[in-house]
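Please look over the sequence and the 3D structure below. Then read the short report that goes with them.

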Amino acid sequence: MKRDRDEAEEEGNEERNKRKMEIVWQTPAHPAQKQDYVFHNEAQFFGGNLTGKRHVRPYYFEFVSHVNKRWEGKTIVDLFAQEFRGRSRDYYVSAVKCGRIQVDGENIPVSYIVKRCQKISHFLHRL
């Protein structure tokens, strides 16, 4: 009996944690809301100071850019590797292959050559 109760309690805790860690899509059109945060050690006042921690739930953020004249004719991976040097070329190859980098809302191959005025989206998972 106790074992069944412990297992049921553990399953309930797992379900609550899953709800707490649900991924939130955040864009400029959909900014963060109060429910997008997880509060630990609920805020309390001690000697006039507020204590406790607020954590942002994991979310994806879409960086949007449009192909300019200088970028036109480059492959998508070359463009990112040359213009956005904060990550390795291998990262950009992986991001294109799994759809985190898209052109005009479509998944593309790593050899895709960009054209002027296309919309490029790069989705990053923020923790």
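Predicted model: local features only at pLDDT ≥ 70, side-chain atom pairs only at ≥ 80, totals over all residues.

Residues are numbered from 1 along each chain as its sequence is written, and side-chain values use heavy atoms, without hydrogens and water.

**The core.** A nonpolar core is a set of buried Ala, Val, Leu, Ile, Met, Phe, Trp, Tyr and Cys residues joined through side-chain atoms within 4.5 Å. Buried means under 20% relative accessible area, exposed over 50%, and partly exposed in between (1.4 Å probe, protein chains only). The largest nonpolar core has 17 residues. I76, F80, I101, V114 and I120 touch the most other members. Helices (H or I, at least four residues) and strands (E, at least two) are DSSP runs, numbered from the N terminus.

**Helix 3.** Its buried residues are Y91, Y92, A95 and V96. They fall within an arc of 130° seen down the axis of helix 3, so they line one face. The arc is that of the directions from the helix axis to the C-beta atoms. The face turned away from the buried side carries exposed D90 and K97. Just after helix 3, G99 takes a positive phi of about 90°.

**Cysteines.** C98 is partly exposed, at 46% relative accessible area. C117 is exposed, at 59%.
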